[in-house]
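Subject: Structure handover

Hello,

Please look it over first, then read my notes below.

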Amino acid sequence: MNIAIIGAGWAGMAAAVAAVQAGHHVTVFEAARTVGGRARALDAAAPDGTALALDNGQHILIGAYTESLRLMRLVGVDVDAALLRLPLVLRFPDGSGLRLPDLPPPWDALLGIARARGWSWGERLALLRMAHAWQRAGFACHPGDTVAQLCANLPARLLEGFIDPLCVAALNTPAQEASGPVFLRVLQDSLFSGRGGSNLLLPRVDLGTLFPETAARWLRGRGAIVCTGQRALSLAAGRRNDWQVDGTAFDAVVLATSSTEAARLVSQCAQTAPYALTVPMCDWSASAQALRFEAITTVYAQGTPHADGRLLPEPMLALHGDAGHPAQFVFDRGQLGGPPGLLAFVASASRGERAQTERQVLEQARQQLGLAGLQAVQTVVEKRATFACTPGLQRPAAAIAPGLQACGDYIEGPYPATLEGAVRSGTAAVQAL
Ligand SMILES: Cc1cc2nc3c(=O)[nH]c(=O)nc-3n(C[C@H](O)[C@H](O)[C@H](O)COP(=O)(O)OP(=O)(O)OC[C@H]3O[C@@H](n4cnc5c(N)ncnc54)[C@H](O)[C@@H]3O)c2cc1C
């Protein structure tokens, strides 16, 4: 088939790889000048003016991201070199928090919780009891439960120091509003999918190199066309069971754009589509249009590294976040292949505007890390970073019409908005054509 893929984020690139592997002719349309979408490399400048490769946002992968890892290897990424693999750590600057040992599940979680620093025995037992109850219930709960309701019986220190940061890191939605069932599914897949599933994988290369740019080279090398700087303006149902993208006919189309852009293209297409397709297309478009979003702000700041090149004791630390202290995590990019002393602060579910968030994060670094004199390098606010992962959310299905599929992190599936959800839906969309 002659297939058009609209959008070259991680989902679109996964779809394009699957389509080329299945022997189809593939054309990818990408509106931006670079591929990667919401997980892309960003050219920036260091305070002294030298070129700096950053990302539009600091990302973490976990060992259970099997499809992402498979695709990276397939397009030629040396995964062991490109990702720093660490046991799951959720440590604060004072050393309190959790670090799982390298053991098969459930022993890693059991021992990790038993040895957690700064928690009383009562708190550790409360968490173990709760984890056991979730496992006994098959990691299922009432569809309307929020994460806060699910964890209501846990002591306040565990909520603030463990559940809240874990929830906001995984679902980018505060625990009071986040979906309990999706949270449990993430816990199940990371903690019980097998040895290493809960490992943190921290990129040591920029996000473009990690997959989308390497995939684009792999695709072009196999005859696929990847057009950047080319926004698909219109989609129409053709007369011969084909689909027209800006007037060019394709046997099938995969919409791999954001949900809002997919909703626009599908609702516009419904206006001239055959009668039988009009209602399902309008319904699909309405469900994609109904999603709400959460922002993520990444503040890059430069400090003076120690003699060993490090600025933090670990590549990643948890921070105490609240309304006036927006960051929940900080990464030492100097320990991740970046220039020594460069930190990336991540404020998930961030609500403030850019200059204010940047100021607050620098002050938070002074208070919680003892780092005065950090110099802001670049602050990236992604207003629509992920959909708000709330209980009972109806996400759009992948199938829109015969020969027309959608993929992306927002498509119906078990995961919140993640790289893994995006690539899984990309691969599945092509298999369903
Ligand atoms: C700051 C930040 C931090 C994050 N952290 C993590 C993390 O730590 N771990 C994790 O797993 N996930 C994380 N995520 C989520 C992850 O980045 C997304 O789930 C994933 O990138 C979504 O990929 P996608 O392909 O579905 O969509 P997108 O990346 O949005 O791709 C859509 C593409 O379509 C293009 N496009 C749109 N309209 C058109 C058109 N008309 N024609 C042609 N092209 C078009 C866009 O330019 C874009 O390139 C984070 C996201 C952000 C923003």
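A cavity here is a set of grid points where a 1.4 Å probe fits but cannot get out. Its volume is the space filled by probe spheres set on those points. Please keep in mind that this is a predicted model.

**Cavity**

With a threshold of 30 Å³ or more, the structure holds 1 cavity. The largest cavity contains about 60 Å³ of space. Which residues line the largest cavity? The lining consists of Pro-87, Leu-100, Pro-101, Asp-102, Leu-103, Asp-108, Arg-195, Gly-196, Ser-198 and Asn-199. By class, that lining splits into 4 nonpolar, 3 polar and 3 charged residues.

**Domains**

The protein chain has two assigned parts: domain 1 covers 2-39 + 207-290 + 394-431, and domain 2 covers 88-198. Over C-alpha atoms, the centres of domain 1 and domain 2 lie 35 Å apart.

**Interface**

How many residues does each domain bring into contact with the other? Domain 1 supplies 4 residues and domain 2 supplies 6. Together, domain 1 and domain 2 bury about 410 Å² between them. Carbon and sulfur atoms account for 62% of that area. On the domain 1 side, Pro-414, Tyr-415 and Pro-416 lose the most area to domain 2. Those three residues together make up 90% of what the domain 1 side buries.

Now the polar terms. Between domain 1 and domain 2 there are 0 salt bridges. The rule does find 1 residue pair in polar contact across this interface, with both residues at pLDDT 80 or more. The side of domain 1 that touches domain 2 has 3 nonpolar residues, 1 polar residue and no charged residues.

Best wishes

Note on methods. Residues are numbered from 1 along each chain as its sequence is written. This is a predicted model: local features need pLDDT of at least 70, side-chain atom pairs count only at pLDDT 80 or more; totals for chains, interfaces and linings use all residues. Side-chain values use heavy atoms; hydrogens and water are left out. Domain bounds come from an automatic or database domain assignment. Contact means heavy atoms within 4.5 Å. Buried area is the accessible area (1.4 Å probe) that two parts lose on being put together, summed over both. A salt bridge is a side-chain nitrogen of Lys or Arg within 4 Å of a carboxyl oxygen of Asp or Glu. A polar contact is a pair of N or O atoms within 3.5 Å; within protein, one must be able to donate a hydrogen and the other to accept it, and residues adjacent in sequence count only if both atoms are side-chain atoms. Ala, Val, Leu, Ile, Met, Phe, Trp, Tyr, Cys and Pro count as nonpolar, Asp, Glu, Lys and Arg as charged, and the others, Gly among them, as polar. On a 1 Å grid over the protein atoms alone, a cavity is a set of points where a 1.4 Å probe fits but cannot get out, and a pocket is an open set with protein on both sides within 12 Å along at least five of seven lines; lining residues have an atom within 4 Å of a point.
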